[in-house]
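Please read the following report alongside the sequence and the model. It is arranged by structural element.

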Amino acid sequence: MKYSAILFLILCLSCSSDSNQKPITQTEQAAMNEGFVDLPADSLYEKVTASSEQTFDEWEDSLRKALMASKPNENLKSSVLQEVYIRGLANQVKDQFVFELPFDLHGFDCGAPDCYSTDLRFSIPATSPVTFPKTIEVSLFEHGCVEQEHTEEAQFELKENTPNLVNYFSAPLKSNLIIKKSGELYYYPHQQKTSVLAATLDERIENFDFEKEDKIAPYQSTTMTTVEYELFLH
């Protein structure tokens with residue numbers, strides 16, 4: 001836990017500041033929140049053997065394996081959604097896979113969460129294996145330190161679907177939602193009329209394009225960028 005405290009302090013100091021899909025209902029959200037709690041944190045920690053010779057990465061890898069073992073939904077664990085599932089951003093509620101994706105990093109200049117968040121909520125039919133529909137209806141909710149909370153709904157179309165990623169594009173919002181099996185999660189409001197490929201976004205990130213003031217950076221989520229699996233054991 002020493003690592004957790006140190007990383008937390010560093011983050012705090014680093015910044016000052018087909019169409020049958022439907023948005024998530026309050027009932028689904030309540031059930032989803034309950035579904036995220038699979039095992040008490042103590043039970044998971046007991047399954048992990050700590051050693052003074054372990055590196056930080058080895059310890060976190062052990063925690064991730066324990067977390068994976070605690071999650072019951074094999075369909076989600078074996079899909080591109082594996083990482084968003086074990087980190088608590090997706091779960092099965094009755095006959096739906098329900099998603100709540102909080103994007104609280106709106107730039108690449110800071111590792112701590114911003115004071116506001118852009119949350120995307122949607123659901124897809126629970127299938128075995130996981131199958132992504134051609135279109136999804138997404139509810140976007142912006143809240144926090146904004147002049148006025150904002151909610152809107154828009155349709156997203158499936159543009160890329162591989163074993164390693166899924167990429168949806170919204171023409172009304174001129175943005176892409178990209179989920180990778182590796183754990184990378186992006187909401188990219190690029191304001192272009194056409195979809196952006198995941199590979200194109202990767203190239204722009206590698207070329208530091210988003211360090212330019214006139215470039216719109218893809219939003220990320222601290223839930224997905226953190227390396228500390230302790231945060232998800234309760």
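## Basis

The model is predicted; local features need pLDDT of at least 70, side-chain atom pairs count only at pLDDT 80 or more, and totals for chains, interfaces and linings use all residues. Residues are numbered from 1 along each chain as its sequence is written, and side-chain values use heavy atoms, with hydrogens and water left out.

Helices (H or I, at least four residues) and strands (E, at least two) are DSSP runs, numbered from the N terminus. Buried stands for under 20% relative accessible area, exposed for over 50%, and partly exposed for what lies in between (1.4 Å probe, protein chains only).

## The sheet

An open sheet is formed by eight strands in the order β1-β2-β3-β4-β5-β6-β7-β8, with antiparallel pairing; two strands pair if DSSP finds at least two bridges between them. At the edges are β1 (90-93) and β8, each of which pairs on one side only. On average, neighbouring strands of this sheet are turned by 25 degrees against each other, direction ignored.

Helix α7 (residues 198-206) lies across β5 (150-162), β6, β7 and β8, and runs at about 95 degrees to β8. Axes are lines fitted to C-alpha atoms, for helices over the stretch in contact, and angles run from 0 to 180 degrees between N-to-C directions.

Strand β7 (residues 175-180) is mostly covered, six of its six residues being buried. Ser175, Leu177 and Ile179 are buried on one side of β7, and Asn176, Ile178 and Lys180 are buried on the other.

β7 pairs with strand β6 (residues 165-170) in the antiparallel sense over six bridges. Asn167 has Ile178 in β7 as its bridge partner, and Val166 stands opposite Ile179. The two strands form a hairpin with four residues between them, and Lys174 in the turn has a positive phi of about 50 degrees. To strand β8 (residues 185-188), which runs antiparallel to it, β7 is joined by four bridges. Here Ile179 is opposite Leu185. β7 and β8 also form a hairpin with four residues between them, where Gly183 in the turn has a positive phi of about 110 degrees.

## Lys180

Lys180 belongs to strand β7. This lysine counts as buried because its relative accessibility is 8%. A polar contact links the side chains of Lys180 and Asp202 (2.8 Å). Such a contact is a pair of N or O atoms within 3.5 Å; within protein, one must be able to donate a hydrogen and the other to accept it, and residues adjacent in sequence count only if both atoms are side-chain atoms.

Not counting residues up to four places away in sequence, Lys180 touches Val80, Asn164, Leu165 and Asp202, where contact means heavy atoms within 4.5 Å.

Helix α4 has 15 residues and spans 21 Å from its first C-alpha to its last, close to the 21 Å expected at 1.5 Å a residue; the expected span is 1.5 Å times one less than the number of residues. Its buried residues are Trp59, Glu60, Leu63, Arg64, Ala66, Leu67, Met68 and Ser70. Trp59, in α4 (residues 56-70), has a relative accessibility of 15% and therefore counts as buried. Trp59 and Glu228 are 169 residues apart in sequence, and their C-alpha atoms are 9.6 Å apart in space.

Glu83 is placed in helix α6 (residues 82-86). With a relative accessible area of 5%, Glu83 is buried. Its side chain makes a polar contact with the side chain of Arg64 (2.6 Å). Leaving aside neighbours within four places in sequence, Glu83 is in contact with Arg64, Lys181, Gly183, Met224 and Tyr229.

## The disulfide

A disulfide is counted when two cysteine sulfur atoms lie within 2.5 Å, and by this rule the count is one. The bond joins Cys115 to Cys145 (S to S 1.7 Å) and is right-handed, with 65 degrees about the S-S bond. Cys115 lies in the loop between β2 (96-103) and β3 (116-125) and Cys145 in the loop between β4 (135-144) and β5, so the pair ties together parts that are 30 residues apart in sequence.

Cys115 is partly exposed, with a relative accessible area of 45%. Cys145 also counts as partly exposed, at 44% relative accessibility.
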